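Student: I have a structure to read and would like to go through it step by step. Can we take it one question at a time?

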Amino acid sequence: MSEKLFVKGNEAVAMAAIEAGCRYYFGYPITPQSDIPEYLSRELPPLGGEFIQAESEIGAINMLLGASATGVRAMTSSSGPGISLKQEGISYMAGSELPGVIVDIMRAGPGLGGIDASQADYFQATRGGGHGGYRIIVLAPASVQEMYDLTMLAFDLSDIYRIPAMVLADSVIGQMKESLTAHPRPQTVLPAKDWAVRGREAGEPQNVVKSLYLGDGEMEAFHWKMHARYQELAEKESRWEEVQTEDATLVVTAFGSTARIAKTAISMAREAGMKVGLLRPITLFPFPKQAYEAISGNCKNFLTIELSTGQMVEDVRLSVARDAEVSFYGRPPGAGSLPTPEELFEQIKKRYLNS
Amino acid sequence: MRHDVFIAGYGGQGVLLAGNLLSYAAIHENKNVSFFPAYGVEKRGGAAMCTVVFADGDTGSPVVGSPSVAIVLNQLSFDKYAAKVKPGGICIVNSTLVEADGSQLPGVELVAVPMNEIALELGDMRMVNMVACGAYAAKSGSLALESLEDALKKALPERNHRLIPANIKAIRAGAAAAMQRNT
């Protein structure tokens with residue numbers, strides 16, 4: 001499996017799901033993620049798996065809930081409008097402590113919006129999205145290789161913490177093709193799914209998967225338990241990439257496709273003799289606060305770049321040292337709004353001269 | 001070393017296949033590759049474009065504002081994109097369909113190759129993209145012609161492998177023409 005393949009980001013997600021042992025996919029087509037169901041509709045049945053094109057996104061997310069309740073690895077994928085429809089089901093999964101992987105290849109919105117790259121669903125993804133006050137694990141790949149690696153990680157983290165996990169990318173990462181090394185699934189020790197409902201044998205205790213808590217103090221206890229679990233996630237599972245931050249007097253921070261464009265802009269800045277670095281969150285929830293805390297001890301100048309009018313920038317501001325300044329440059333999503341490295345370099349120059 | 005090339009034409013000229021071919025050739029040379037297609041409401045006759053970035057290390061941005069090389073297959077793309085080529089860069093144009101002279105692009109080397117005519121002479125107009133790829137490899141020096149020829153096996157579906165010899169001829173003809181004509 002070490003041969004270098006050349007595949008689309010969306011295909012890498014589907015390949016990784018299969019390698020991770022996922023045999024159940026439920027979805028409904030929507031641009032720009034339809035390559036995922038297309039691939040799995042072809043590849044899952046010969047493996048003894050199930051591919052179901054549901055009647056709607058709502059149907060698909062509830063099929064995911066049902067499959068996950070039986071303890072199998074299962075997945076759904078969609079984009080903006082479809083992800084909105086899935087929020088009720090995601091909330092029920094969170095309330096039932098069910099694992100499960102949801103892939104969101106963001107498109108421009110609100111409403112039907114457009115099919116161009118967007119990062120404007122950051123809030124929806126990282127704040128839970130549905131009702132009741134919960135969080136889901138959110139992983140933000142920036143390359144085709146990471147689409148593969150982080151999809152596998154999503155299955156593992158979701159199983160370990162019993163929290164739904166989302167792979168959050170956009171049409172740039174989903175539609176581009178890159179070289180990919182399709183390595184085998186990592187050997188992670190996973191907890192037994194002794195909570196799953198698989199049909200009770202004689203003498204076995206009854207398992208119940210539900211999100212209804214009516215007993216005195218029951219619901220409150222659930223919230224504190226999950227709160228502690230989210231904190232554990234933040235301590236153990238925060239992931240990020242740093243590029244040349246050691247001597248930087250300006251740190252650019254961005255995720256996904258924007259971070260890729262920023263990386264080249266930063267190379268331009270370095271060539272021009274400017275001390276600029278990059279901090280790229282890989283986990284958006286948990287947000288890698290510790291990285292921002294550490295870097296802002298030395299560097300007091302941050303520039304957040306997003307394909308929106310500013311969402312992640314709020315988490316950046318909450319995470320840096322109090323005396324650090326955070327500025328923002330955004331291109332809201334839509335046809336023609338994708339910035340070039342040259343454009344981001346101009347923004348870096350502006351911020352750098354002021355530092 | 002990081003290379004980038006922007007390819008533009010109209011739907012049906014094989015712009016995306018050309019991008020795929022260059023990508024496979026770069027992988028053959030052990031490079032990391034990013035192939036970024038313009039993604040939208042594609043149709044035959046509509047605009048088609050893609051960017052290929054390849055490097056020994058990190059490919060960085062899949063989006064390129066000022067490409068170091070542009071391959072332009074029709075007039076509309078030339079009018080829209082030729083001016084974006086980086087100073088010191090190369091603009092390879094399909095001179096069958098593009099009217100261009102060097103004075104329009106100061107600091108950029110204009111390479112005019114009558115790609116439609118060459119493809120037609122070899123028997124099939126659809127090979128215009130192969131002629132373009134050959135011209136790119138020869139003129140930029142960033143990929144070996146042999147890598148392109150090898151990449152055909154991966155870029156073309158198996159049912160079209162019988163066409164590989166004809167495509168190799170087109171790649172070589174494009175390379176030869178690019179090295180000869182230089183206006």
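Student: How many helices and strands does chain A have?

Tutor: This is a predicted model, so every value here is computed from predicted coordinates. In chain A, both kinds of secondary structure occur. The count is 12 helices and 14 strands.

Student: What radius of gyration does chain A have, and what would a compact globule have?

Tutor: Chain A has 355 residues, and a compact globule with that number would come to near 20 Å. The C-alpha trace of chain A spans about 75 × 50 × 40 Å along its principal axes. The radius of gyration of chain A agrees with the globule value, at 21 Å.

Student: What share of the contacts in chain A, with a separation of 6 or more, comes from residues 24 or more positions apart?

Tutor: Of the 355 residues of chain A, 53% count as buried. Among contacts with a separation of 6 or more, those between residues 24 or more positions apart make up 79%.

Student: Which domains does the assignment give for chain A, and how far apart are their C-alpha centres?

Tutor: The assignment gives domain 1 (4–181) and domain 2 (241–353). The two are in contact through 24 residues of domain 1 and 23 residues of domain 2. Their C-alpha centres lie 26 Å apart.

Student: Which element of chain A gives the most to the side of domain 1 that touches domain 2?

Tutor: The elements that give two or more residues to this side are helix 5 (122–126), strand 6 (137–139), strand 7 (165–170) and helix 7 of chain A. The residues of this side divide into 17 nonpolar, 4 polar and 3 charged. The element that gives the most, with 4 residues, is helix 5 of chain A.

Student: Which residues touch the most other members of the largest nonpolar core, and where does this core lie?

Tutor: The core has 173 residues, and B:Ile92 and B:Val131 touch the most other members. Its largest share, 10 residues, comes from helix 6 (residues 144–161) of chain A. Domain 1 and domain 2 of chain A both give residues to the core, so it lies between them.

Student: Which residues does B:Val131 touch, not counting those up to four places away in sequence?

Tutor: Nonpolar side chains in soluble globular proteins tend to be buried together. The residues that B:Val131 touches are B:Val113, B:Met115, B:Ile118, B:Ala119, B:Ala170, B:Ala173 and B:Gly174.

Student: Which helix of chain A gives the most to the side that touches chain B?

Tutor: In this interface 21 residues of chain A are in contact with 18 residues of chain B. Among the elements of chain A that give two or more residues are strand 1 (4–8), strand 8 (177–181) and helix 12 (341–353). The residues of this side of chain A divide into 8 nonpolar, 6 polar and 7 charged. The most, 5 residues, comes from helix 9 of chain A.

Student: Is A:Asp104 buried or exposed?

Tutor: A:Asp104 is found in strand 5 (residues 101–106) of chain A. Its contacts beyond four places in sequence include A:Ser78, A:Asp121 and A:Leu168. Because 24 other C-beta atoms lie within 10 Å, A:Asp104 is buried.

Student: Is B:Asn30 buried or exposed?

Tutor: B:Asn30 lies in the loop between helix 1 and strand 2 (32–37) of chain B. Its phi is near 65°, a positive value in a residue other than glycine. With 9 C-beta neighbours inside 10 Å, B:Asn30 counts as exposed.

Student: Which residues does the cis peptide bond with omega of about 0° join?

Tutor: Most peptide bonds are trans. One cis bond runs from A:Gly109 to A:Pro110, with omega near 5°. The cis bond with omega of about 0° joins A:Phe285 and A:Pro286.

Terms used. Residues numbered from 1 in each chain as written. Chains lettered and ligands numbered in written order. Predicted model: local features only at pLDDT ≥ 70, side-chain atom pairs only at ≥ 80, totals over all residues. Rg over C-alpha atoms; globule rule 2.2 N^0.38 Å. Buried ≥ 20, exposed ≤ 12 C-beta atoms within 10 Å, placed from the backbone. Contact = placed C-beta atoms within 7 Å. Core = buried A, V, L, I, M, F, W, Y, C linked by C-beta atoms within 7 Å. Domains from an automatic or database assignment. Nonpolar A, V, L, I, M, F, W, Y, C, P; charged D, E, K, R; others polar.
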